[in-house]
Amino acid sequence: MRLKNKVAIITGAGSGQGKEAAKIFAAEGAHVVIAEWNEDNGKSVEKEILNTGHKATFIKTDISDENNVKELVEQVISQKHRIDILFNNAGIGFSSRSQYKMASVLETPLDDWNNILSINLNGTYLMCKHVLPIMIEQQSGNIVNNSSLNGILGVTGADAYTASKGGVVALSRVMAVDYGKYNIRVNCICPGAIDTPMIQEVLDNPEIAKNYEAGPLGRVGKPEEVAQAALFLASEESSYITGLIMPVDGGWSVV
Ligand SMILES: NC(=O)c1ccc[n+]([C@@H]2O[C@H](COP(=O)([O-])OP(=O)(O)OC[C@H]3O[C@@H](n4cnc5c(N)ncnc54)[C@H](O)[C@@H]3O)[C@@H](O)[C@H]2O)c1
């Protein structure tokens with residue numbers, strides 16, 4: 001029970017890594033708030049957790065909408081009176097390419113650029129902007145941001161996504177510096193290729209998938225493997241770690 005009685009908001013917890021984190025955090029004793037814009041998925045994860053006897057609440061949220069984020073935080077405070085953990089996990093990527101062009105700078109329309117950044121980077125900023133005052137008042141808090149290897153390496157072909165994830169890395173570092181004095185830790189995970197709906201189509205293509213299997217461990221990651229890294233950073237086991245930018249990539253980035 002590493003998160004016993006903690007209140008943990010996980011964004012994008014209706015699918016993939018966020019869903020696994022919600023289940024693991026709840027099993028470790030946290031009351032998990034599923035902040036997700038996909039209502040069906042959010043409700044289904046809530047039900048799955050409640051059915052196991054653990055605690056979860058789904059609150060429909062679009063993290064790119066400041067009013068939505070403000071209402072989410074107000075609702076959590078009115079019900080639970082505190083926020084101990086914020087896992088900023090929600091994001092859009094390859095699976096949204098029918099909506100937004102995932103391409104290099106010259107092929108990326110400004111509207112698509114703005115929309116991708118408004119979720120992946122602005123959404124992270126908005127969540128922090130509204131949760132940090134609560135954590136400062138508590139004089140304790142723990143933020144884990146989900147970036148990507150794209151945020152630290154020159155992975156081509158999705159430049160708005162890459163810029164948004166680079167922004168999340170930089171923001172994580174500076175927030176660790178700014179808010180450490182309030183006993184708030186901020187860390188950042190950079191997953192490699194993880195088997196979730198976001199990259200399902202890529203993984204189904206053997207030609208492309210083999211690039212992702214080229215790291216030392218020779219396979220793509222599972223969403224629960226990222227969730228376990230998030231659990232470590234969100235728990236007291238990492239109490240002296242802040243400002244860490246942690247690849248969870250089967251060693252892909254060191255080759
Ligand atoms: N899968 C990978 O290979 C991979 C690699 C590196 C980083 N990531 C990052 O990991 C995070 C989790 O992605 P995943 O792989 O679990 O993908 P996923 O598509 O399975 O899950 C993303 C979740 O975020 C939600 N979401 C998206 N925009 C939202 C918004 N505006 N408001 C609320 N919820 C929103 C989606 O509905 C979905 O439930 C993302 O930030 C992604 O960029 C994924």
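**Exposed loop residues, cores and pockets**

Histidine 81, with a relative accessibility of 62%, counts as exposed, and this residue is found in the loop that runs between H3 and strand S4 (85–88). In this predicted model, the phi of histidine 81 is near 70 degrees, a positive value in a residue other than glycine. Most residues other than glycine have a negative phi. A positive phi, of about 65 degrees, is also found at asparagine 5, although asparagine 5 is not a glycine. Asparagine 5 belongs to the segment before S1, and at 56% relative accessibility it counts as exposed, because exposed residues are those over 50%. Threonine 156, placed in the loop between S5 and H6, is likewise exposed, with a relative accessible area of 70%. In sequence, threonine 156 and alanine 103 are 53 residues apart, while in space their C-alpha atoms are 7.9 Å apart.

Helix H6 covers residues 159–179, and its 21 residues, at 1.5 Å a residue, should span 30 Å; the C-alpha atoms at its ends are 30 Å apart, which agrees with that expectation. The buried residues of H6 are Ala160, Tyr161, Thr162, Ser164, Lys165, Gly167, Val168, Val169, Ser172, Met175 and Ala176. Among the elements that cover these buried residues are helix H4 (110–120), helix H5 (122–138), strand S5 (141–146), strand S6 (184–191) and strand S7 (245–248). In H4, the buried residues are Asp112, Ile116, Leu117, Ser118, Ile119 and Asn120, and the buried residues of this helix pack against H5 and H6.

In soluble globular proteins, nonpolar side chains tend to be buried together. The largest nonpolar core here holds 41 residues, of which Ile9, Leu72, Val76, Ile83, Leu86, Met127 and Val131 touch the most other members. At least two residues of this core come from each of strand S1 (7–11), S2, helix H3 (66–80), H4, H5, H6 and S6, and H5 gives the most, with seven residues. Methionine 127, when residues up to four places away in sequence are not counted, touches Ile9, Thr11, Ile63, Val69, Leu72, Leu86 and Asn88.

The largest pocket has a volume of about 1200 Å³. Its lining is made up of 46 residues, and those closest to the centre of the pocket are Ile92, Gly93, Phe94, Tyr161 and Met198. Helix H1 (16–27), strand S2 (31–36) and H6 each contribute at least two residues to this lining, and H1 gives the most to it, with three residues. When the lining of the largest pocket is divided by class, 21 residues are nonpolar, 22 are polar and three are charged.

Of the 16 residues that line the second largest pocket, Gly141, Asn142, Asn183, Arg185 and Glu236 lie nearest its centre, and the elements that give two or more residues to its lining are S5 and S6. By class, the lining of the second largest pocket comprises five nonpolar, seven polar and four charged residues.

Methods:
Residues numbered from 1 in each chain as written. Predicted model: local features only at pLDDT ≥ 70, side-chain atom pairs only at ≥ 80, totals over all residues. Heavy atoms only, no water. Helix = DSSP H or I, 4+ residues; strand = E, 2+ residues; numbered from the N terminus. Expected span 1.5 Å × (residues − 1). Buried < 20%, exposed > 50% of the residue type's maximum accessible area, 1.4 Å probe, protein only. Contact = heavy atoms within 4.5 Å. 1 Å grid on protein atoms, 1.4 Å probe; cavity = no way out; pocket = protein on both sides within 12 Å on 5 of 7 lines; lining within 4 Å. Points joined across faces, edges and corners; volume = space filled by probe spheres on them. Nonpolar A, V, L, I, M, F, W, Y, C, P; charged D, E, K, R; others polar. Core = buried A, V, L, I, M, F, W, Y, C linked by side-chain atoms within 4.5 Å.
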